[in-house]
Amino acid sequence: MGERDRGSSSAAGRAAWLWELRRQNERQEDVADTANEPYWQETDDAHRVSFDRLLSMLPPGGSVLDAACGIGRHVGAVLASGRSVTAVDASAVYLAKTHASFPDVTIEKHDLQDLPYRDRFDAVVCVDAMEFVPPEDWPRVLGRFRDALHRPGRLYITVELVPPEEIRSMNDAARGSGLPVVDGEVMWEASDESPGYYHYYPGLDQVRAWLSGAGFAILDELEGPWHDGEYAYHHILARTTM
Ligand SMILES: C[S@@+](CC[C@H](N)C(=O)[O-])C[C@H]1O[C@@H](n2cnc3c(N)ncnc32)[C@H](O)[C@@H]1O
């Protein structure tokens with residue numbers, strides 16, 4: 001096998017691995033105990049401030065796509081502001097829970113990578129979910145967000161932060177166990193019994209470059225509180241430029 005063949009077969013192997021991880025994550029989310037996990041019952045000031053800022057920029061009666069909505073943790077705040085919501089997620093179970101809480105919200109099952117919308121919304125929000133997107137999919141996902149937006153359109157995304165030494169150590173562990181990871185990719189809670197769950201941690205300069213390449217100008221950035229020093233979210237508000 002020549003170098004090129006080896007390269008393409010390892011690229012195909014990585015693509016197959018990433019696809020299986022996406023489906024595995026969907027299965028894990030479908031059985032998650034959202035009623036008892038504190039994450040789903042709470043939100044912090046940085047998320048609230050960012051949502052308020054975003055909503056202050058939207059036309060009255062505007063429309064918001066909640067991309068990777070989970071069980072609709074942020075839907076109530078958007079509806080209370082007088083905007084309509086379309087809620088999308090990979091997990092059918094989460095979408096059903098969102099529908100149970102907010103029967104008037106349109107729910108649709110899509111992967112972030114395959115959002116089908118064109119010129120439909122005043123804003124796209126993708127909160128606490130971009131860490132599930134591998135590096136090769138970031139430009140595609142941001143392009144789908146841009147295509148979904150009216151002009152001008154607004155975007156609110158979060159980027160999960162973890163201390164760099166922890167990312168490096170978990171990335172080394174994943175590579176050492178033979179997984180086809182690239183820098184920044186980790187498997188949380190992997191064990192002999194469980195493959196764990198995938199996250200990718202891009203550098204913020206890389207995120208800014210991807211946003212610019214996808215046709216977004218950053219309006220505001222805010223680093224959220226660190227939770228016991230373990231993780232935080234970097235909040236980015238942006239507008240369309242093309
Ligand atoms: C941590 S939850 C956050 C949910 C919600 N945005 C919130 O802030 O409560 C991450 C969500 O991303 C969804 N998700 C992960 N990867 C996805 C993908 N590729 N396409 C669509 N949804 C995805 C999961 O199903 C889950 O609902």
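Strands and helices in the model

Modeller: In S4, valine 124 is the bridge partner of leucine 65. This is a predicted model, in which local features need pLDDT of at least 70 and side-chain atom pairs count only at pLDDT 80 or more, while totals for chains, interfaces and linings use all residues. Residues are numbered from 1 along each chain as its sequence is written, and side-chain values use heavy atoms, with hydrogens and water left out.

Colleague: In which sense do S1 and S4 pair?

Modeller: Helices (H or I, at least four residues) and strands (E, at least two) are DSSP runs, numbered from the N terminus. Two strands pair if DSSP finds at least two bridges between them. S1 and S4 have three bridges, and the sense is parallel.

Colleague: How many residues of strand S1 (residues 63–67) are buried?

Modeller: Buried means under 20% relative accessible area, exposed over 50%, and partly exposed in between (1.4 Å probe, protein chains only). In a regular strand the side chains alternate between the two faces of the sheet. Ser63, Leu65 and Ala67 point one way from S1, Val64 and Asp66 point the other way, and all are buried. S1 is therefore largely enclosed by the rest of the structure, and the buried count is five of the five.

Colleague: Is valine 88 buried or exposed?

Modeller: Valine 88 lies in strand S2. Leaving aside neighbours within four places in sequence, valine 88 is in contact (heavy atoms within 4.5 Å) with residues including Leu65, Ala67, Leu95 and Tyr117. Its relative accessibility is 0%, so valine 88 counts as buried.

Colleague: How far apart are the end C-alpha atoms of helix H2 (residues 45–56)?

Modeller: The expected span of a helix is 1.5 Å times one less than its number of residues. For the 12 residues of H2 that gives 16 Å, which agrees with the distance between the end C-alpha atoms, 16 Å.

Colleague: Which residues are exposed on the other side of H2?

Modeller: H2 has as its buried residues Ala46, His47, Ser50, Phe51, Leu54 and Leu55. They lie on the same side of H2 because they cover an arc of only 160° around the axis, taken from the directions from the helix axis to the C-beta atoms. Among the elements covering them are helix H3 (75–80) and strand S9 (232–240). The exposed residues on the other side are Asp45, Asp52 and Ser56.

Colleague: With which side chain does that of glutamate 185 make a polar contact of 2.5 Å?

Modeller: Glutamate 185 is found in strand S6 (residues 185–188) and is buried, with a relative accessible area of 0%. A polar contact is a pair of N or O atoms within 3.5 Å; within protein, one must be able to donate a hydrogen and the other to accept it, and residues adjacent in sequence count only if both atoms are side-chain atoms. A polar atom of the glutamate 185 side chain lies 2.7 Å from the backbone nitrogen of valine 182. The side-chain partner at 2.5 Å is tyrosine 198.
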